[in-house]
Amino acid sequence: MRRPAPFLVALSAPLAFAFAAAGCSPRATPPTEGSAAPQVEAAPTAPASAAPSTPAAPAAAASASAAGSASASAAGPDAAAPASAAPVVSAAPAASAAADPAAPADAGPLPKVKVANIGMHIGGGPHDDYTKEPIKRSVAPHFDEFRRCFALAEDPNKGGDFGIDLRIEKDGGKAEVRKPRTALKGEAFTRCVVGVFERIDFQKPRRGPTVVSYSLRFTP
């Protein structure tokens, strides 16, 4: 058998290498696709890295809110101080006094008027001093209040009498006030005197439930 010529051998070597390279080039593409796969997977990592930044806004808002509330609480007592210093409580008695002109004023000098008991008639008797004594002692401490009521009369220069009926229960206490009567003019004056009698705590009567007609005289 004859051996191939040397030039054929030399020519076939590059051809074989070319075929080998051509056969290997299709196999090189998978590494290209494989290298692109991490790039596709790398895309979701961007939102994942951005995810922690989302709670940062509420955290900042919460810290700002906490700082605001702390400053508000710190400013609260200072802001409330002028409000508490406002004379709201002191204005209430003045309003009530204006609404009820019949109430006697507790301040200021007493009117220049003399008040005295000029009559006390016990219903059904007896009319002795022993029976009248608890009633007399109950009313006497309130004479200054009656004098203040006189300032509400329409003519403070004119004196007069004031009569009223009182029913006192057997144990004393507040009396039932009925039939006020007087020649002194002034509705506020009359209401004031009646109010004083209604506030009196009467001592226990000598003979059980007692009805008494009580009279005062106002002398300027």
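**Close-up views of a predicted model**

**View 1. The largest nonpolar core.** Among the 30 residues of this core, those touching the most other members are Phe146, Leu166, Phe189, Phe197, Tyr214 and Phe218. Two or more residues each come from strand E1 (114-122), helix H4 (129-139), helix H5 (143-150), strand E2 (160-168), helix H6 (187-199) and strand E4 (210-219), with H6 giving the largest share, 6 residues. Leaving aside residues up to four places away in sequence, Phe189 touches Cys149, Phe150, Leu152, Ala153, Phe162, Thr182, Leu184 and Phe218.

View 2. Asp161 and Arg217 meet through their side chains in a salt bridge, at 2.7 Å from N to O, and the pair links distant parts of the chain, since Asp161 belongs to strand E2 and Arg217 to strand E4, 56 residues apart. Asp161 is partly exposed, with a relative accessible area of 32%, and Arg217 is also partly exposed, at 39%.

**View 3. A salt bridge between two loops.** Lys174 and Asp201 form a salt bridge in which the closest N and O atoms are 2.6 Å apart. Lys174 lies in the loop between E2 and E3 and Asp201 in the loop between H6 and E4, so the pair ties together parts that are 27 residues apart in sequence.

Key. Residues numbered from 1 in each chain as written. Predicted model: local features only at pLDDT ≥ 70, side-chain atom pairs only at ≥ 80, totals over all residues. Heavy atoms only, no water. Core = buried A, V, L, I, M, F, W, Y, C linked by side-chain atoms within 4.5 Å. Buried < 20%, exposed > 50% of the residue type's maximum accessible area, 1.4 Å probe, protein only. Helix = DSSP H or I, 4+ residues; strand = E, 2+ residues; numbered from the N terminus. Contact = heavy atoms within 4.5 Å. Salt bridge = Lys/Arg side-chain N within 4 Å of Asp/Glu carboxyl O.
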